Amino acid sequence: MTGDRPKVLVIGGGFGGLFCARRLGRVDVDVTLLDRTACHVFQPLLYQCATGTLSIGQISRSLREEFEHHRNVQTLLGEAVRLDPSARRVTARRPDESQFDLDYDYLVIAAGMRQSYFGNEEFAAWAPGMKTLDDALSIRRRVFAAFEIAESLPAGPERDQWLTFAVAGAGPTGVELAGQIRELATRSLANEFHSIEPEEARVLLFDGGDRVLKSFTPALTDRATRVLEELGVELHFGVHVSDVRRDGVTVSPKDGGPSRDHATRTVLWTAGVEAVPFARHAAEVLGADTDRSGRIAVNADLSVAGHPEVFVIGDLAGRDGLPGVAENAMQGGLHVAASIRRDLDGRGRKAFRYRDLGSAAYISRGHAVLQVGPIKMSGALGWLGWGLIHIAFLTGVRNRFSTVGTWLATIARANRSDRSFILGGSGHPEEPYTWESPVHQGKRSADQ
Ligand SMILES: Cc1cc2nc3c(=O)[nH]c(=O)nc-3n(C[C@H](O)[C@H](O)[C@H](O)COP(=O)(O)OP(=O)(O)OC[C@H]3O[C@@H](n4cnc5c(N)ncnc54)[C@H](O)[C@@H]3O)c2cc1C
């Protein structure tokens, strides 16, 4: 590092931050890429990790390894916690709680969104979201452990509870998870148990709308619905999950009417997203508007009004027509890198134009839906398209080869090679053997 070149600080090594830093790797600037996990996670395949098909190593890549050959890009582990726009400084926290400061000439905020429980934070203790590797491993543990626990229980309501899985939210992630759990039960686990019949596992999918995969055309949605029903997923539309407990959920019809309880020991939450805490703080100190979910309003060039040196990209960028998809983040990252270059060359910036390259969702083995402009595919063709797209965008050549190999083995043998789960240490909020929330644990110690 020279020390006198412009300093670009990128917060977040997801799709937006990764593509921005990569493109700046050939520019005369010093880049610092700060991430709270030090790795890039390929979120679209998190559910395959959660349900035992892929390992966490196959869907993530160390940022340090990724930027090994970019001498002007330094990657740092830390969580941005404070922004001082007048000093152009960000304070970050290390995992040991100590802090350090990072100065910048340009700041790129690419910190993404986190799961939202719509103000019901207490649900999180029982219903993990699906945004991080921790989430995927937590879901894997809950799903596989549920079958294991059921195996040692006598037939009856308690066993049925463990063999019932509730998924909140019927967007792509909810659909993918629900389909995978049924597929797991009916294929991979079908002949492995002595006492239970895994095929009898119930998967309940809840959504406030009137169909699955709302962002797809009605024809593709209908197709996805049929496949899910054939797979045995029980679809419940027009309902909100209004309570989540240790042993069940309550769902309430959106248009009134009586609520209904469902007994289950596994609840998975994919229903909403909100800005990460740093983004809310950044918006406040930058004086930027936000929408209800905390996305930060940006100008046409993705900079923040009144702060041409600060950009917001990816899921956090709040501007009409910018969807929360990987393509938007990648294109935004490349655009911001180009804008910084143009600034350095004394040329004017251009407006960001998002090009919609389509979307895809996996339903089950041999079935996916794919929508690219006028082209719509489902069934085996959609499945093939889905696979090719995901492999093309997976980070790291090694990950691509190993994922294709694992998929082929899974297709051929129906087994899942990454089913191992860890139980964690005692005192963790998700106390493994009891699945109790911190609230319950606190009450229990007070009672003792
Ligand atoms: C389960 C799932 C499935 C999806 N499937 C698809 C799909 O099939 N197709 C598609 O196009 N999109 C899909 N998406 C959406 C897509 O993954 C996101 O749109 C994309 O990841 C957004 O990129 P980003 O760079 O804005 O944020 P992210 O990729 O979320 O990256 C944000 C990064 O910021 C880091 N970070 C957060 N806060 C801080 C902080 N304070 N300090 C430092 N670092 C921080 C995080 O660790 C993370 O690495 C899916 C998302 C999920 C969760």
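1. Leaving aside neighbours within four places in sequence, Asp-105 is in contact with Pro-6, Lys-7, Val-8, Arg-88 and Glu-309.

2. A word on the basis of these notes. This is a predicted model, in which local features need pLDDT of at least 70 and side-chain atom pairs count only at pLDDT 80 or more, while totals for chains, interfaces and linings use all residues. Residues are numbered from 1 along each chain as its sequence is written.

3. Back to Asp-105, which sits in the loop between strand 8 and strand 9 (106-109). Helices (H or I, at least four residues) and strands (E, at least two) are DSSP runs, numbered from the N terminus. Val-310 is 205 residues away from Asp-105 in sequence, yet their C-alpha atoms are 8.7 Å apart.

4. Met-130 lies in the loop between strand 10 (113-115) and helix 4 (133-151), and is buried because 22 other C-beta atoms lie within 10 Å. Beyond four places in sequence, the contacts of Met-130 include Leu-46, Tyr-47, Ala-50, Ile-139, Leu-177 and Thr-270. Asp-320, 190 residues from Met-130 in sequence, is 25 Å away, C-alpha to C-alpha.

5. Do look at the open sheet, where three strands run in the order 6-7-8 with antiparallel pairing. Strand 6 (79-84) and strand 8 (99-103) are the edge strands, each pairing on one side only. Neighbouring strands here are turned by 30° against each other on average, direction ignored; axes are lines fitted to C-alpha atoms, for helices over the stretch in contact, and angles run from 0 to 180 degrees between N-to-C directions. Two strands count as paired if DSSP finds at least two bridges between them.

6. Within that sheet, strand 6 and strand 7 are joined by five bridges, with Ala-80 partnered by Ala-92 of strand 7. These two strands form a hairpin with four residues between them, and Arg-88 in the turn has a positive phi of about 50°. Strand 7 (residues 89-93) also pairs with strand 8 over five bridges, and there Val-90 has Leu-102 as its bridge partner.

7. Helix 1 is mostly covered, with eight of its ten residues buried. Among them are Phe-15, Leu-18, Phe-19 and Leu-24. The buried residues of helix 1 pack against strand 1 (7-11), strand 2, strand 3 (39-41), strand 5 (73-77), strand 9 and helix 9.

8. Which residues touch the most other members of the largest nonpolar core? Of its 126 residues, they are Val-10, Val-108 and Ile-109. Such a core is a set of buried Ala, Val, Leu, Ile, Met, Phe, Trp, Tyr and Cys residues joined through C-beta atoms within 7 Å. Not counting residues up to four places away in sequence, Val-10 touches Val-108 and Ala-110, and also Gly-17, Cys-20 and Ala-21, among others.

9. Finally, the ligand: 35 residues surround it, and the closest are Gly-12, Gly-14, Gly-16, Gly-112 and Gly-314. A residue belongs here if its C-beta atom, placed from the backbone, lies within 6 Å of the molecule. Helix 1 (15-24), strand 2 (30-35) and helix 9 (326-344) are among the elements that each supply at least two residues of this shell.

How values were computed
Buried ≥ 20, exposed ≤ 12 C-beta atoms within 10 Å, placed from the backbone. Contact = placed C-beta atoms within 7 Å.
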